[in-house]
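User: I would like to learn how to read a few features of a protein model. Please take them one at a time.

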Amino acid sequence: MELAILVLLLVFFGLLLLNVPISFCIGLATLATILLSVDFMPAVTTMAQRMAGGINSFALLAIPFFILSGLIMGRGGIAKRLIECAMALIGMLPGGLALVNVVSCMFFGAISGSAVAATSAIGSFMLPEMKKQGYDVNYSAAVTAAAATTGMLIPPSNILIVYAIASGGVSIAALFIAGYLPGILLGIALMIVCAGYARIKGYPVGARLPLKLVVQKVAAAIPSLFMIFLVIGGIISGIFTATEAGAIAVVYSLILAVGIYREVKTSELPAVLMKAAETTAIVMALIATSSAMSWILSYEQIPQAISAAMLTISDNPLLILLMINLILLLVGAFMDMTPAVLIFTPIFLPVAVELGMSPLHFGIMMVLNLSIGLVSPPVGSVLFVSCAIAKTRIEAIIKPLMPLYFAMFVVLMLVTYVPAISEWLPAQFGF
């Protein structure tokens, strides 16, 4: 087993250092480990079977649907209406534009299910506006990047679907409901930091709008926000599954962007479909190769060995959960969320269950933890997008990110050690 671990790690990190795409790193490292036990042809056959089996899941069909609906929403004028709605509601508070940024990212992230999409769509509108109002560009980019991660928890979220598959059957509906309170709590924590930062820096306060205009702005955003209630309400009530909800989200986003708002032309749809296919292919390649790696980890009994080793270090659940969180924070800084969830769920979930943590609670903790990795160098994808929009450098936004990191870590600790934050709401709906 020690040799298998050594080969797996050496091949994976060696290829990663050579800038090989991560799905190839995972696949080749897995194949090299399998070759320790069997001949080449059986190894390749086994690898192919495990990859095909990993993506042969009806639940995974929800991912391309939600990716496509998110892309349509991103082009359909949704972001602008959500920003105007948030501006009308909270723009007059201290640090109003920063708060609007956070709330808009929460809204759009929930609708699109993508942190990168939220960063791109909201950042394109908010960053120039914040700069115009005197906000530091690096601080603005930091706020956008941190706020975009809330969409990983507030459903519908693709990564929660991936975790449901990796965990071996946690209810997607339960995960979706469980993500609400932690996601909202994360948004509130970021807003508290933004309000305090604004007072210290003396950033301007927005003008209070007339009630009639506020009502107009909120009403204009209601059709966009309704998709959240449509998708989640249908899943909770049992009218349709998460996969069917993804298809309904695509139809609704098309009606909204093409028919009602008329900001997406039918001639633009082939390009949107092509982008959705490209993104789906990347995600499915990651899922396929990660599934094969999860199998070889299980075959070599590596999760059991790690679980036993961690439990021998200490029998204190608080300490072990802190260790798991610190490891996942390090993993998140170097690995994308999808492979991280698929690889480390079978490793750490048995440990968490042994400590009395439910798979539902662990999934929310894990996703929140790895969301912090999206804004952590050197691999943080959201960080790169935010910097590109703001036309700044990653190292320049690390300092304004620090208080936001601290707020995210505090919420992570609360979610880790207070199970009710994740489990209370699903329990109210009978999960």
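User: What should I know about the model first?

Analyst: This is a predicted model, in which local features need pLDDT of at least 70 and side-chain atom pairs count only at pLDDT 80 or more, while totals for chains, interfaces and linings use all residues. Residues are numbered from 1 along each chain as its sequence is written, and side-chain values use heavy atoms, with hydrogens and water left out.

User: How is a pair of aromatic rings described, and how many aromatic pairs does a search of the whole structure find?

Analyst: A pair of aromatic rings is described by the distance of the centres and the angle of the planes. Rings of Phe, Tyr and Trp (its six-membered ring) pair if their centres lie within 6.5 Å; planes under 30 degrees apart count as stacked, over 60 as edge-to-face and the rest as tilted. Searching the whole structure gives five aromatic pairs. One of them, Y163 with F362, is tilted, at 6.4 Å centre to centre and 45 degrees between the planes. Y163 belongs to helix α9 (residues 158-166) and F362 to helix α18 (residues 359-373), so this pair ties together parts that are 199 residues apart in sequence. Helices here are DSSP runs (H or I, at least four residues), numbered from the N terminus.

User: Are Y163 and F362 buried or exposed?

Analyst: Buried means under 20% relative accessible area, exposed over 50%, and partly exposed in between (1.4 Å probe, protein chains only). Y163 has 0% relative accessibility and counts as buried. F362 is also buried, with a relative accessible area of 0%.

User: Which pair is stacked?

Analyst: F344 and F348 are stacked, because their ring centres are 5.9 Å apart and their planes are at 15 degrees. Both residues lie in helix α17 (residues 337-354), four residues apart, which is about one turn of the helix. F344 counts as buried at 15% relative accessibility, and F348 counts as buried at 3%.

User: How are two packed helices described, and at what angle do α16 and α18 cross?

Analyst: Two packed helices are described by the angle between their axes and the distance between the axes. Axes are lines fitted to C-alpha atoms, for helices over the stretch in contact, and angles run from 0 to 180 degrees between N-to-C directions. The axes of helix α16 (residues 317-334) and α18 come within 7 Å and cross at roughly 40 degrees. This makes α16 oblique to α18; angles under 35 degrees count as roughly parallel, over 145 as roughly antiparallel, 65 to 115 as roughly perpendicular and the rest as oblique. The crossing of α16 and α18 is right-handed. A crossing is left-handed if the near helix is turned anticlockwise from the far one by less than a right angle, and right-handed if clockwise.

User: Which residues of α16 and α18 meet?

Analyst: Contact means heavy atoms within 4.5 Å. I324, N325, L328, L329, G332 and A333 of α16 meet F362, M365, M366, N369, L370, I372 and G373 of α18. By class, this contact has nine nonpolar, four polar and no charged residues. Ala, Val, Leu, Ile, Met, Phe, Trp, Tyr, Cys and Pro count as nonpolar, Asp, Glu, Lys and Arg as charged, and the others, Gly among them, as polar.

User: How do α7 and α8 pack?

Analyst: Helix α7 (residues 115-132) and helix α8 (residues 137-148) pack at about 150 degrees, with their axes 9 Å apart. They are therefore roughly antiparallel to each other, and their crossing is right-handed. A115, A118, T119, G123, L127 and M130 of α7 make the contact with S140, A141, T144 and A148 of α8. Its residues divide into six nonpolar, four polar and no charged.

User: What does S422 touch?

Analyst: S422 lies in helix α21 (residues 420-428) and counts as buried at 1% relative accessibility. Not counting residues up to four places away in sequence, S422 touches A178, P182, L360, H361, I364 and V415.

User: Where does K391 lie?

Analyst: K391 lies in the loop between α19 (381-390) and α20 (394-417). K391 is not a glycine, yet has a positive phi of about 55 degrees. At 77% relative accessibility, K391 counts as exposed.
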